[in-house]
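The exercises below ask for a reading of one protein model, from its overall composition down to single side chains. Each task is followed by a solution in steps.

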Amino acid sequence: MNDVATAKSPQRTVGAGSGAGRMRGAVRSVGRALHLPVTGTARSIRRATHAHGAGESGLGKLIELHAVNGAGDVMITVALASTVFFSVPTDEARGRVALYLAITMAPFTVLAPVIGPLLDRLPHGRRAAMAGAMLARALLALIISGAVAGGSLELYPAALGVLVASKAYGVVRSAVVPRLLPPGISLVKANSRVTLAGLLATGVAAPVGAGLHAIGDPWPLYGAFVIFAAGTFLSFTLPAKVDSAKGEDVALLAADEEHLHGPLRKGTKRPGLRTVGPAVTHALGANAALRCLSGFLIFFLAFLLREHPLTGESAAVSLGIVGVSAGAGNALGTAVGAWLRSRTPEIIIVTAVAVVLGTAIVAALFFGALLVAVLAAVAGFGQALAKLCLDALIQRDVPEQVRTSAFARSETLLQMAWVFGGAVGIVMPLNGTLGLVVAAAIVAAGWLATLRGLLGSARHGPRTRPRVA
């Protein structure tokens, strides 16, 4: 009997062990099943951002960092929009936004021209500058969260700090991209990949921010703090060559020495201080008109659609439709610009601005819900495509040693154009036809001022010898 019992006990032990093993295997399988969507998505994103040599050059890390930047910015935008715009009646909201513009945008207009030249003087600290811009916005998000909860006036200077830090990051990012180009990828394609990553991240983060806002007003700001804190650390993962300024010098945003103004006109000649050429300056003017239109439409349509929503829709849904249309147009323009193989970016810019102008005129004459959404989409498309063509012209016409400076300074000028357009949009009467007539006039002024110069540059081709100021 004992022998039989002894013989059976190992079988029971083995059976129990195999049962526990099956249980552990089942737990591991469930864990893998739950973990797979996260790790699989992360691996897919990493493969996309690091494709075509971007992983080896470091461009992939910049793409991911820019996605983090876009997600954090939209979180703060959601929080500020709900506080300054949606929480009060329309007339009071216009006053609040006007105050917001006066306290934040006006000082920024003064500071913006300083950002590019200041960063020109700090070429060896670009990673630290990007990390600083991320960390500043993380801390300011916490300050704004307290101001939102208590209704404190700290909201406005903190928002100004966020704006300045965001634009400083944008200027540095424009200067960094040329340093991280993989072999065989043009600057236009690299910039389009970075921009598209930011747009996609914004599209993903916006509904998340709205969900956090449903929990409480400060929650999108807490989310922004986490995102920007992560961005602070990611900034230092960029390659060390980002901080190298070897062979770089300063570019002047003028066609040639005859178009210089101020003390530089009669100053001492400097071998490295080069102008960027007529094609770039005219392309920059056309882009400034489109960026001005973007700022105008954002503020004007925000109030117009709140007071007069699209047919059958609420104000929030109307704004969402226009916002999605603009984002889709921007993404499409970025994608088209990345794959376009044209050798005449001047013609593309002229055509893009003409299409935007024609759409604005039609929308003004036959004002309606559909045409407002179409105008937002076409404006986003034209802005993205024209900006990539400007990048192509800078790469083509501007010497390598001043190319980084040209990108930084041109981006600063475009940001100032956006601020100006926003200021015009906030003071406009809430009349749809009148507003879109003004929008068309903004684009027409930029198009007519640059049309002849761009067509002339396209006829004569790239300049062969950059002039020295």
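The exercises begin with the whole chain and then turn to selected residues.

The model is predicted; local features require a pLDDT of at least 70, side-chain atom pairs count only at pLDDT 80 or more, and totals for chains, interfaces and linings use all residues. Residues are numbered from 1 along each chain as its sequence is written, and side-chain values use heavy atoms, with hydrogens and water left out.

**Exercise 1. The whole chain**

Determine how many helices and strands the protein has, and what share of its residues is buried.

Step 1. The protein has 14 helices and two strands; helices (H or I, at least four residues) and strands (E, at least two) are DSSP runs, numbered from the N terminus.

Step 2. Of the 469 residues, 49% are buried. Buried means under 20% relative accessible area, exposed over 50%, and partly exposed in between, with a 1.4 Å probe and protein chains only.

Step 3. Accessible areas come from the Shrake-Rupley method with a 1.4 Å probe; for residues, only the protein chains shown count as cover.

Step 4. Among contacts between residues at least 6 apart in sequence, 83% join residues at least 24 apart. A contact means heavy atoms within 4.5 Å.

**Exercise 2. Salt bridges**

Identify the salt bridges found by a search of the whole structure, and state whether Arg137 and Asp73 are buried or exposed.

Step 1. The search finds two salt bridges, each defined as a side-chain nitrogen of Lys or Arg within 4 Å of a carboxyl oxygen of Asp or Glu.

Step 2. One joins the side chains of Arg137 and Asp73, at 3.0 Å from N to O. This pair links distant parts of the chain, with Arg137 in helix α5 and Asp73 in helix α3 (residues 59-86), 64 residues apart. Both Arg137 and Asp73 are buried.

Step 3. Another joins Asp391 and Lys387, at 2.8 Å from N to O. Asp391 and Lys387 both lie in helix α12 (residues 369-397), four residues apart, about one turn of the helix.

Step 4. Asp391 counts as buried because its relative accessibility is 2%. Lys387 is also buried, with a relative accessible area of 17%.

**Exercise 3. A nonpolar surface patch**

Which residues form a nonpolar patch on the surface, and which element gives the most to the patch?

Step 1. The patch is formed by Leu135, Leu139, Leu142, Ile215, Trp219 and Tyr222, which together have about 560 Å² of accessible area. The elements that give two or more residues to the patch are α5 (126-150) and α8 (219-235).

Step 2. Patches are made of residues with over 30% relative accessible area and no salt bridge; like charges are joined within 9 Å, and nonpolar side chains (Val, Leu, Ile, Met, Phe, Trp, Tyr) within 5 Å.

Step 3. Helix α5 gives the most, with three residues.

**Exercise 4. Aromatic pairs**

How many aromatic pairs does the structure hold? Describe the geometry of the pair Trp219 and Tyr222 and of the pair Phe296 and Phe300.

Step 1. The structure holds three aromatic pairs. Trp219 and Tyr222 form an edge-to-face pair, 5.3 Å centre to centre with 80 degrees between the planes. Rings of Phe, Tyr and Trp (its six-membered ring) pair if their centres lie within 6.5 Å; planes under 30 degrees apart count as stacked, over 60 as edge-to-face and the rest as tilted.

Step 2. Trp219 and Tyr222 are separated by about one helical turn because they are three residues apart in helix α8. Trp219 counts as partly exposed at 39% relative accessibility, and Tyr222 counts as partly exposed at 35%.

Step 3. Phe296 and Phe300 form a stacked pair, 5.4 Å centre to centre with 15 degrees between the planes. Both lie in helix α9 (residues 278-307), four residues apart, about one turn of the helix.

Step 4. Phe296 is buried at 0% relative accessibility, and Phe300 is buried with a relative accessible area of 0%.

**Exercise 5. The surroundings of Thr359**

Locate Thr359 and state which residues it touches.

Step 1. Thr359 is found in helix α11 (residues 345-365) and is buried, with a relative accessible area of 15%.

Step 2. Its side chain reaches the backbone oxygen of Val355 at 2.8 Å.

Step 3. Not counting residues up to four places away in sequence, Thr359 touches Val374, Leu375 and Val378.

Conventions. Polar contact = N/O pair within 3.5 Å; in protein donor to acceptor, adjacent residues only side chain to side chain.
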